[in-house]
Amino acid sequence: QMQLVESGGGLVQPGGSLLLSCAASGSGFSRATMGWYRQDQGKERNLVAIISRSGTIDYAHSVKGRFTISRDNIQRTVSLQMGSLQPGDTAVYYCHDLTFNVWGQGTQVTVSS
(Lines give C-alpha, C1' and ligand atoms only; values in the text may rest on other atoms or scores of the structure.)
Protein backbone atom coordinates (compact mmCIF):
# COMPACT_ATOMS: atom_id res chain seq x y z
CA GLN A 1 0.00 0.00 0.00
CA MET A 2 1.22 3.47 -0.81
CA GLN A 3 2.54 5.69 1.98
CA LEU A 4 3.00 9.44 1.74
CA VAL A 5 5.48 11.57 3.68
CA GLU A 6 5.40 15.37 3.52
CA SER A 7 8.31 17.69 4.22
CA GLY A 8 9.21 21.35 3.86
CA GLY A 9 6.83 23.09 6.23
CA GLY A 10 7.91 25.75 8.68
CA LEU A 11 7.64 29.37 9.73
CA VAL A 12 7.81 32.05 7.04
CA GLN A 13 7.18 35.78 6.98
CA PRO A 14 4.32 37.26 4.97
CA GLY A 15 5.33 37.57 1.35
CA GLY A 16 7.75 34.68 1.64
CA SER A 17 7.92 31.33 -0.12
CA LEU A 18 8.04 27.67 0.84
CA LEU A 19 8.41 24.44 -1.07
CA LEU A 20 6.48 21.43 0.20
CA SER A 21 7.37 17.96 -1.00
CA CYS A 22 5.56 14.67 -0.72
CA ALA A 23 7.40 11.40 -1.23
CA ALA A 24 5.42 8.29 -2.09
CA SER A 25 6.45 4.74 -1.38
CA GLY A 26 4.77 1.67 -2.75
CA SER A 27 3.31 1.08 -6.18
CA GLY A 28 0.73 2.98 -8.14
CA PHE A 29 1.98 6.56 -7.87
CA SER A 30 2.09 7.17 -11.61
CA ARG A 31 -1.56 6.11 -11.90
CA ALA A 32 -2.75 8.29 -9.05
CA THR A 33 -4.33 11.71 -9.01
CA MET A 34 -2.50 13.63 -6.30
CA GLY A 35 -3.53 16.65 -4.30
CA TRP A 36 -2.49 19.04 -1.58
CA TYR A 37 -5.02 19.93 1.08
CA ARG A 38 -4.82 22.18 4.10
CA GLN A 39 -6.58 22.43 7.41
CA ASP A 40 -6.43 25.25 9.90
CA GLN A 41 -7.37 24.70 13.53
CA GLY A 42 -11.10 24.22 13.98
CA LYS A 43 -11.77 24.40 10.26
CA GLU A 44 -12.49 21.92 7.49
CA ARG A 45 -9.77 20.34 5.39
CA ASN A 46 -9.88 21.96 1.95
CA LEU A 47 -8.33 21.24 -1.41
CA VAL A 48 -5.46 23.52 -2.36
CA ALA A 49 -4.22 22.02 -5.62
CA ILE A 50 -4.66 18.87 -7.63
CA ILE A 51 -2.70 17.18 -10.41
CA SER A 52 -3.91 14.21 -12.40
CA ARG A 53 -1.75 11.35 -13.65
CA SER A 54 -1.72 13.03 -17.06
CA GLY A 55 -0.68 16.37 -15.57
CA THR A 56 -3.99 18.21 -15.59
CA ILE A 57 -3.87 20.81 -12.81
CA ASP A 58 -6.37 22.85 -10.86
CA TYR A 59 -6.11 25.19 -7.90
CA ALA A 60 -8.31 26.63 -5.23
CA HIS A 61 -9.23 30.19 -6.14
CA SER A 62 -7.45 31.54 -3.07
CA VAL A 63 -4.04 30.24 -4.16
CA LYS A 64 -4.26 30.56 -7.94
CA GLY A 65 -1.29 32.52 -9.25
CA ARG A 66 0.66 32.06 -6.02
CA PHE A 67 1.05 28.28 -5.69
CA THR A 68 2.34 25.75 -8.21
CA ILE A 69 1.83 22.00 -8.00
CA SER A 70 4.05 19.55 -9.86
CA ARG A 71 4.86 15.87 -9.90
CA ASP A 72 7.75 13.62 -10.81
CA ASN A 73 6.58 10.11 -11.59
CA ILE A 74 10.14 8.76 -11.72
CA GLN A 75 11.04 10.08 -8.26
CA ARG A 76 7.46 9.47 -7.06
CA THR A 77 7.11 12.94 -5.61
CA VAL A 78 4.54 15.69 -5.73
CA SER A 79 5.53 19.22 -4.78
CA LEU A 80 3.78 22.45 -3.91
CA GLN A 81 5.71 25.66 -4.49
CA MET A 82 4.06 28.38 -2.44
CA GLY A 83 4.73 32.06 -2.98
CA SER A 84 3.44 35.41 -1.75
CA LEU A 85 2.40 33.66 1.43
CA GLN A 86 -0.14 35.33 3.66
CA PRO A 87 -1.20 34.70 7.28
CA GLY A 88 -4.38 33.16 5.88
CA ASP A 89 -2.26 30.39 4.37
CA THR A 90 -1.32 29.15 7.84
CA ALA A 91 -2.46 25.55 8.19
CA VAL A 92 -1.38 21.94 8.29
CA TYR A 93 -0.79 20.87 4.69
CA TYR A 94 -1.55 17.31 3.68
CA CYS A 95 -0.56 15.30 0.65
CA HIS A 96 -3.38 13.07 -0.62
CA ASP A 97 -3.62 10.28 -3.13
CA LEU A 98 -7.16 10.67 -4.40
CA THR A 99 -7.09 7.46 -6.45
CA PHE A 100 -6.13 5.13 -3.62
CA ASN A 101 -7.38 7.35 -0.77
CA VAL A 102 -4.10 7.65 1.10
CA TRP A 103 -3.15 10.64 3.28
CA GLY A 104 0.19 11.84 4.53
CA GLN A 105 0.73 12.86 8.15
CA GLY A 106 0.76 16.58 7.35
CA THR A 107 3.28 19.37 7.66
CA GLN A 108 2.70 22.67 9.48
CA VAL A 109 3.01 25.93 7.58
CA THR A 110 2.89 29.11 9.64
CA VAL A 111 2.95 32.54 8.02
CA SER A 112 3.69 35.22 10.58
CA SER A 113 5.92 38.21 11.20
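Predicted model: local features only at pLDDT ≥ 70, side-chain atom pairs only at ≥ 80, totals over all residues.

**Entry 1: the salt bridges**

I began with charged pairs and found that the structure holds 2 salt bridges. I looked at aspartate 89 and arginine 38, whose side chains meet in a salt bridge at 2.9 Å, N to O. Aspartate 89 sits in the loop between strand E8 (77-82) and E9, while arginine 38 is in strand E4, so this pair ties together parts that are 51 residues apart in sequence. Buried or exposed, I asked of aspartate 89 and arginine 38? Aspartate 89 is buried, and arginine 38 is buried too.

I then turned to arginine 66, which forms a salt bridge with aspartate 89, with the closest N and O atoms 2.8 Å apart. This pair also links distant parts of the chain: arginine 66 is in the loop between strand E6 (57-59) and strand E7 (67-72), aspartate 89 is in the loop between E8 and E9, and they are 23 residues apart. I noted that arginine 66 and aspartate 89 are both buried. Through shared partners, the salt bridges join Arg38, Arg66 and Asp89 into one network.

**Entry 2: a glutamate without a salt bridge**

Next I checked glutamate 6, which has its place in strand E1 (residues 3-7). Glutamate 6 is buried, yet it has no salt bridge. Which side chain of opposite charge is nearest to glutamate 6? I found arginine 45, at 7.5 Å; for a salt bridge, the nitrogen and the carboxyl oxygen have to be within 4 Å.

I then looked for what the side chain of glutamate 6 does reach. It reaches the backbone nitrogen of cysteine 95 at 2.7 Å, and the backbone nitrogen of glycine 106 at 2.9 Å. Leaving aside residues up to four places away in sequence, I listed its contacts, among them Ser21, Cys22, Trp36, Tyr94 and Gln105.

**Entry 3: the disulfide**

My search of the whole structure gave 1 disulfide. Cysteine 22 and cysteine 95 form it, with their sulfur atoms 2.1 Å apart. The pair links distant parts of the chain, with cysteine 22 in strand E3 (residues 18-25) and cysteine 95 in strand E9 (residues 91-97), 73 residues apart.

**Entry 4: aromatic rings**

I went on to ring pairs, and the count comes to 2 aromatic pairs. In one of them, the rings of tyrosine 37 and tryptophan 103 have centres 5.0 Å apart and planes at 65°, so I wrote the pair down as edge-to-face. Tyrosine 37 is in strand E4 and tryptophan 103 in strand E10 (residues 102-103), so the pair ties together parts that are 66 residues apart in sequence. The rings of tyrosine 94 and tryptophan 103 have centres 6.2 Å apart and planes at 90°, so I noted edge-to-face here as well.

I checked accessibility for each member. Tyrosine 37 is buried, with a relative accessible area of 13%, and tyrosine 94 counts as buried at 12%. Tryptophan 103, at 33% relative accessibility, counts as partly exposed.

I gave tyrosine 37 a second look. Its strand, E4, covers residues 34-39. Not counting residues up to four places away in sequence, tyrosine 37 touches several residues, including Arg45, Leu47, Val92, His96 and Leu98. I also took one distance from tyrosine 37: its C-alpha atom is separated by 13 Å from that of histidine 61, 24 residues apart along the chain.

**Entry 5: a serine in a loop**

Last, I looked at serine 52, which lies in the loop between strand E5 (46-51) and E6. At 16% relative accessibility, serine 52 counts as buried. A polar contact of 3.0 Å joins its side chain to that of serine 54. Beyond four places in sequence, serine 52 touches Ala32, Thr33 and Arg71.

Methods:
Residues numbered from 1 in each chain as written. Heavy atoms only, no water. Helix = DSSP H or I, 4+ residues; strand = E, 2+ residues; numbered from the N terminus. Buried < 20%, exposed > 50% of the residue type's maximum accessible area, 1.4 Å probe, protein only. Lys, Arg positive; Asp, Glu negative; His and termini not counted. Polar contact = N/O pair within 3.5 Å; in protein donor to acceptor, adjacent residues only side chain to side chain. Contact = heavy atoms within 4.5 Å. Disulfide = S-S within 2.5 Å. Phe/Tyr/Trp six-rings, centres within 6.5 Å; stacked < 30°, edge-to-face > 60°.
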